[in-house]
Amino acid sequence: MSWIDIGHIDEVPLRGARLVKTHIGCIAVFRTAEAEVFAATNSCPHKGGPLSEGIVHGQSVTCPLHNWVFDLNTGEAQGADAGRITIYPVRLEEDRILLDDSAVTRRSAA
Amino acid sequence: MKQRLVVIGAGMASGRVLEHLTDAAPDAFDITLFNAEPRGNYNRIMLSPVLSGEKTYEEIVTHDDAWYAARGIACRFGEKVEKIDREMKVVEGANGHIPYDKLVIATGSNPFMIPLPGHNLDGVIAYRDLEDTQQMMGMGPNNKVVVIGGGLLGLEAAAGMAAHGVDVTVVHIMGHLMERQLDEAAGYLLKKSLEDKGIKICLQANSKEILGEDGKVRALLLDDGTELPCDLLVMAVGIRPNTALAQEAGLATGRGIHVDDQMVTSDPDVFAVGECVEHDGEVFGLVAPLYDQAKVAAQALLEEDAAFMQKTLSTKLKVTGCDLFSAGDFAEGPGREDIVFRDPSRGVYKRLVIEEDRLVGAVMYGDTADGSWFFGLIKDGTSIEEMRETLIFGPAYQGGDTADPLSAVAALPPEAEICGCNGVCKGEIVEAINAGADDLDAVRAGTKASASCGTCTGLVEQVLQVTLGDDFQMPTAQPICGCTDLTHEDVRRLIKGQELKSQAAVWQDLGWTTPNGCHVCRPAINYYLLTDWPLEYQDDPQSRFVNERKHANIQKDGTFSVVPRMWGGITTPDELRAIANAADKYDVPTVKVTGGQRIDLLGVKGEDLPAIWSDLNKAGLVSGHAYSKGLRTVKTCVGTDHCRFGTQDSTGLGIKLEKILWGSWTPHKLKLAVSGCPRNCAEATCKDIGVVCVDSGYQISIGGAAGMDVKETELLCQVPTEDEAIEIVMAVTQAYREGGKYLDRLYKWLGKVGMGWVQAQVVEDLENRAALVARFELSQSIYRKDPWAEHVKEKARTYAPIADFTLEAAE
């Protein structure tokens with residue numbers, strides 16, 4: 001597994017998200033109320049809503065289009081909705097956000 | 001063979017007799033109904049709401065022609081009964097005789113007219129029937145009216161006319177108003193609130209003479225020499241049982257027609273009910289005992305066992321904004337003790353009279369929620385020894401339970417009376433609910449509870465809630481979301497009361513079960529905090545829905561719409577050119593004109609937002625907030641600038657309002673409109689706040705909607721100047737901001753607090769109005785600014801991806 005530096009943690013707002021563009025689609029990088037980050041596909045399995053625009057609460061995000069809620073640890077939809085989003089490995093090293101290289105360069109998705 | 005029943009008088013008592021009779025035994029009698037008034041039965045106690053304009057006559061008709069027809073009742077309306085011949089058992093009407101086997105006399109009462117000199121003048125009336133009401137409704141802002149009598153009826157008449165802007169003076173002979181129902185302190189508070197409504201009140205005033213001119217009333221002269229000019233004089237000093245027919249027929253009468261416990265007169269085939277009777281030395285004026293009598297009479301006619309019993313009565317006044325309740329006996333006396341509670345700032349007064357550990361009387365003003373509980377204690381003679389310390393605080397404080405109004409209702413015994421007008425007790429309502437009546441309308445239809453004056457509607461709902469449990473949802477009792485058990489109302493109150501000024505303080509002190517809320521509660525809490533503490537609390541974009549965080553409306557494909565503000569719907573060729581250029585430059589696929597008179601650029605990519613805003617800013621265009629729970633647009637017509645019908649500068653006022661209100665956050669979106677004349681081209685009467693200009697000023701109405709619900713606005717007030725109109729709009733906006741539940745449109749908030757409350761806060765109480773305006777201005781000193789310019793300057797970077805590997809790969 002190799003890690004790619006995508007930016008400083010302060011570039012992602014507390015309880016917010018930023019977008020990473022890749023050839024295989026957009027990835028959302030979420031930050032909770034702590035120095036804690038998650039990465040997942042930006043697209044909601046329901047109607048493709050941009051998850052990086054959602055409200056981040058606890059370790060979950062709510063899709064802005066129709067309020068589906070996803071657990072950022074597992075990617076599973078919460079409550080009555082059924083579905084999941086792909087979660088990508090991401091970690092923090094001295095305040096830098098490192099994303100797993102496979103999320104960015106994997107070519108099989110095409 | 002069917003018996004022949006004749007009924008004289010189609011009033012509320014006899015109407016109820018006929019209902020019971022035809023329900024229980026549809027074929028027992030051939031019924032003929034005489035009425036001197038040319039109409040059937042209507043709900044006479046609702047004449048006051050008709051007078052004040054809250055109801056129409058059609059709404060208070062209880063029995064229409066179809067009802068009588070369906071029950072086979074022969075109606076002889078507008079026909080006076082001349083005589084009752086008891087020997088022949090015949091009633092002689094003006095148009096012919098009719099024989100009877102049984103007779104019911106329900107001739108009601110006559111208003112008592114004080115025989116002052118001049119009482120026969122034109123324009124001297126009583127307050128008794130529809131004709132009197134219509135005469136009063138004919139009065140307007142240019143008329144003066146004097147009402148003699150400061151009792152229930154006189155005050156309802158006065159308040160009803162004052163609501164139409166009539167200059168009303170009430171003349172009362174006693175030292176305080178409603179002295180039969182209220183003590184002096186409550187009478188004082190009542191006088192104050194009526195005076196706040198613009199009604200003049202003269203106490204201890206003796207009328208001497210009614211002065212006239214050309215046979216028409218001109219003024220009332222008091223014996224201290226004061227002359228009160230008037231165009232109409234209403235005497236509401238009392239009623240007298242109408243016993244004339246019965247007396248001539250030789251029936252036993254005193255003050256009223258004597259009846260026994262079965263409502264039978266001195267002739268076993270003749271019954272009497274209602275205000276014309278005297279039972280055990282008492283005569284009757286309130287509706288509850290009349291309905292009891294009607295029930296007994298119907299049962300007696302069917303030869304069932306029944307007996308009428310007199311009960312303790314309670315009184316409420318049907319004047320919007322004057323909340324009073326009295327029951328029992330509250331005169332001072334040896335062996336009697338008082339418990340008194342006063343809250344001067346809220347105008348609340350409660351007094352309980354206790355005799356030998358029993359509650360014997362209660363008077364309440366300003367907060368009457370516990371009235372029926374106290375009334376129950378009085379009627380049942382419950383010992384209050386144990387709860388004496390906390391009695392005055394009501395049922396919520398008894399037994400150490402939570403302050404839940406439902407527990408008070410749940411604790412009521414089955415025979416506790418819920419609806420005083422119709423004498424419906426809790427047990428009957430519960431029975432109806434168990435038989436399938438699962439909402440208010442069904443209970444009303446089945447039991448008549450809350451179907452007359454309606455003041456017990458809340459109680460009936462609570463009985464429904466207690467009985468049905470989870471099947472009946474009172475929307476207000478819902479917690480905000482799964483993160484808390486508190487309701488929106490609780491949280492608003494606690495944020496203010498405990499001075500919670502950050503989200504963290506709310507989560508911690510109010511015991512949130514999640515670390516930082518969820519997408520449901522966070523936007524609400526963020527809104528409450530920024531409204532209540534505009535200086536101390538910093539708006540949190542991460543607690544906002546994406547539209548408000550990015551100041552643009554997200555579309556289904558993830559692109560955004562951009563709506564620049566056009567003040568009052570006015571634009572210029574330069575602005576239009578800037579919009580057109582921006583649409584070209586950013587490949588905007590759709591350009592649309594919105595319902596609020598603005599131009600919408602749809603399909604803008606999220607990362608282009610700062611750039612397109614920057615371009616629009618350069619042409620002087622700012623955010624139109626088309627995405628916000630806040631001020632949207634002020635729609636206008638062209639007004640006096642161009643229109644031949646315009647009465648005021650509606651466009652100018654619209655622009656001013658928009659410039660004052662823009663940027664403000666509200667519980668839900670806020671749409672305004674200003675129309676230059678009553679033709680209302682700007683459609684102001686379906687907006688949250690609408691202004692319709694008229695020759696004499698500005699009519700401000702609120703609470704309209706044209707979405708999922710379509711509602712017409714209700715008139716808040718009319719003011720003469722533009723400055724005052726602006727002030728009122730600011731004040732009502734602030735009141736809604738401070739009180740509304742997040743995501744309640746203005747009309748929903750209005751439905752909860754009531755127009756009377758809003759008028760008191762915003763129109764009548766000038767000091768409070770000024771305070772609301774000042775708080776709004778304070779908040780606007782932070783929020784009246786263009787978020788687009790700010791984001792272009794400080795946040796543009798956040799609209800772009802944090803990293804873009806598609807570019808790297810392309811290199």
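Predicted model: local features only at pLDDT ≥ 70, side-chain atom pairs only at ≥ 80, totals over all residues.

**Cavities, interface and one asparagine**

I will begin with the cavities.

How many cavities of 30 Å³ or more does a search of the whole structure find? The count is two. The largest cavity holds about 50 Å³ of space. Its lining is made up of B:P523, B:N526, B:Y527, B:S543, B:R544, B:E548, B:K629, B:W665, B:T666 and B:Y742. Sorted by class, that lining has four nonpolar, three polar and three charged residues.

The second largest cavity holds about 30 Å³. Around that space are B:S372, B:F375, B:G376, B:K379, B:L412, B:A416 and B:E417. Here the main contributor is helix α10 of chain B, residues 371–380, with four residues in the lining. The classes for the second largest cavity come out as three nonpolar, two polar and two charged.

Next, the interface between the two chains. On the chain B side 32 residues are in contact, and they meet 30 residues of chain A. The size of an interface is often given as the accessible area lost when the parts come together. For chain B and chain A, about 2500 Å² is buried between them, with 58% of that on carbon and sulfur atoms. Which residues of chain B lose the most area to chain A? They are B:H519, B:I802 and B:F805, and together they account for 31% of what the chain B side buries.

Now the polar part of that interface. By the rule used here, 16 residue pairs are in polar contact across the interface, counting pairs with both residues at pLDDT 80 or more. Four elements of chain B each supply at least two residues to the side that touches chain A: α17, α18 (546–550), β39 (803–804) and α27 (805–810). That side of chain B has 13 nonpolar, ten polar and nine charged residues.

On to salt bridges. Side chains of opposite charge can pair when their charged atoms come close. Over all chains the rule gives 53 salt bridges, and across the interface of chain B and chain A it finds four. In one salt bridge, the side chain of B:E607 meets that of A:K21 at 3.4 Å, N to O. In another, A:R15 and B:D540 pair through their side chains at 2.8 Å, N to O. Why does the pair of A:R15 and B:D540 join two chains? A:R15 sits in the loop between β1 (3–8) and β2 (16–22) of chain A, while B:D540 sits in the loop between α17 and α18 of chain B, so the pair joins two chains.

B:N553 is in strand β28 of chain B, residues 553–554. What does B:N553 touch, leaving aside residues up to four places away in sequence? The list is B:N547, B:T559, B:F560, B:S561, B:A626 and B:Y627. Two of these contacts can be described at the level of atoms. With B:N547, the B:N553 side chain makes a polar contact, side chain to side chain, at 2.7 Å. With B:A626, the side chain of B:N553 reaches the backbone oxygen at 3.1 Å. As for B:Y627, 74 residues separate it from B:N553 in sequence, yet the two are 5.2 Å apart in space, C-alpha to C-alpha.

That is all from me. I will take questions now.

How values were computed. Residues numbered from 1 in each chain as written. Chains lettered and ligands numbered in written order. Heavy atoms only, no water. 1 Å grid on protein atoms, 1.4 Å probe; cavity = no way out; pocket = protein on both sides within 12 Å on 5 of 7 lines; lining within 4 Å. Points joined across faces, edges and corners; volume = space filled by probe spheres on them. Nonpolar A, V, L, I, M, F, W, Y, C, P; charged D, E, K, R; others polar. Contact = heavy atoms within 4.5 Å. Buried area = accessible area lost by both parts, 1.4 Å probe. Polar contact = N/O pair within 3.5 Å; in protein donor to acceptor, adjacent residues only side chain to side chain.
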